[in-house]
Amino acid sequence: MRIQGKLRLGYFPLPLTEARRIRACLRYPASRFSAIDPCIGDGAAFLTITGETCARRYGIELDAYRAEQAASVVDELIHGNCLDVHCPVESYGLAFLNPPYDWTTGETRSERTERVFLAHTYRWLKTGGVLVLVVPAVHVRECGEILASQFKATRIFRLTDPESVRYRQVVVLATRRSRREREQLRDDDIVARRAQFANIGGNYAQLTPLCDASTPLYTVPESGPAKLEYRLLPLDEIEDLLPRSSAYRQAARILFPQPVAVKGRPLTPLHGGHVALCAVSGMLNGVFGSGKDLHVAAWQAVKAVTVSTEETEDGTIVQTEAGIS
């Protein structure tokens, strides 16, 4: 993943226009049901999809700031890594999954994060539960095995919001198979379905766009309360207690040293290039002169990034970033 994506923890939120279109594809029960977003972000898209329903909303978010935002729109939120959260199988009637777009490194091989998150969470859906999966079209391939064997009535739509087109996003809508249905599946059926999913990236332009549905396509089943269990240390408490520890105080002198105060006059006059280098490095920060010649200086280097986009022969959009300070 590019540096910009890593700074966002792979967070590419679903535009609310697309969330409203997904909402129109779903029919909700009149009684209570449970819904989960294991990569909830700020919760805006999840709330749009499940708003004005009888949903019990559950969310998981790694980023502390976004977790604080999402806490107000769900009944239960866990601040942590989704892969460290456990839940009883077949707990939810609806799962909205917009996972990070990245690679994850395992003990033996690297895998796409989209597949890893789907493999970890799909069992949480009950039989007949609805999956809403938002991923780049080219990476439906990695999710193909799970989608072919565990889900039925699968439809894939192309998202048309400019931000979604930028990442060539699609939404996969499907319902969870029962155990009996999974046992009756033939190997050649699974192979054929996986081949279809593998071709989604190359057929992106031919996919049907997701438009406002005139009638709902999927019915979300009823479900009882769910139970999430986070088995690692609480991140919020660790962050609050860390500055009080003696180890942190000792390391802070190295990690966050006080800026060095440079005083005195140079041996020879500085020319323009010298002044510019000293200024952007922060060595000329401070108060200078007196009276009418009093000045306050505060300099900081800022990186300017130029992004260029080109499309390859197979339709893949490649972005190149060039930065200068």
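## How H5 meets H6

H5 goes past H6 in a right-handed crossing. Keep in mind that this is a predicted model. H5 covers residues 113-121 and H6 covers residues 140-150. Their axes sit 8 Å apart, and the two helices pack at an angle of about 20°. Angles under 35 degrees count as roughly parallel, so H5 is roughly parallel to H6.

Who does the touching here? On the H5 side you'll find Glu-114, Arg-115, Leu-118 and Ala-119. H6 answers with Glu-142, Cys-143, Glu-145, Ile-146 and Leu-147. Sort the residues of this contact by class and you get 5 nonpolar and 4 charged, with no polar ones.

## How H6 meets H9

H6 also packs against helix H9, which takes in residues 187-198. The axes of H6 and H9 come within 8 Å and cross at roughly 150°. Angles over 145 degrees count as roughly antiparallel, so that is the label for H6 and H9. This crossing is right-handed.

Which residues of H6 meet H9? They are Val-140, Arg-141, Gly-144, Glu-145, Leu-147, Ala-148 and Ser-149. Facing them from H9 are Ile-190, Arg-193, Arg-194, Phe-197 and Ala-198. By class, the H6 and H9 contact has 6 nonpolar, 2 polar and 4 charged residues.

## H6 in both contacts

Look at Glu-145 and Leu-147 of H6: they take part in the contact with H5, and they also meet H9. So much for the partners; as for direction, H6 runs roughly parallel to H5 and roughly antiparallel to H9.

Conventions: Residues numbered from 1 in each chain as written. Predicted model: local features only at pLDDT ≥ 70, side-chain atom pairs only at ≥ 80, totals over all residues. Heavy atoms only, no water. Axes fitted to C-alpha atoms, helices over the stretch in contact; angles between N-to-C directions. Helix = DSSP H or I, 4+ residues; strand = E, 2+ residues; numbered from the N terminus. Parallel < 35°, antiparallel > 145°, perpendicular 65-115°, else oblique. Left-handed = near helix turned anticlockwise from the far one by under 90°. Contact = heavy atoms within 4.5 Å. Nonpolar A, V, L, I, M, F, W, Y, C, P; charged D, E, K, R; others polar.
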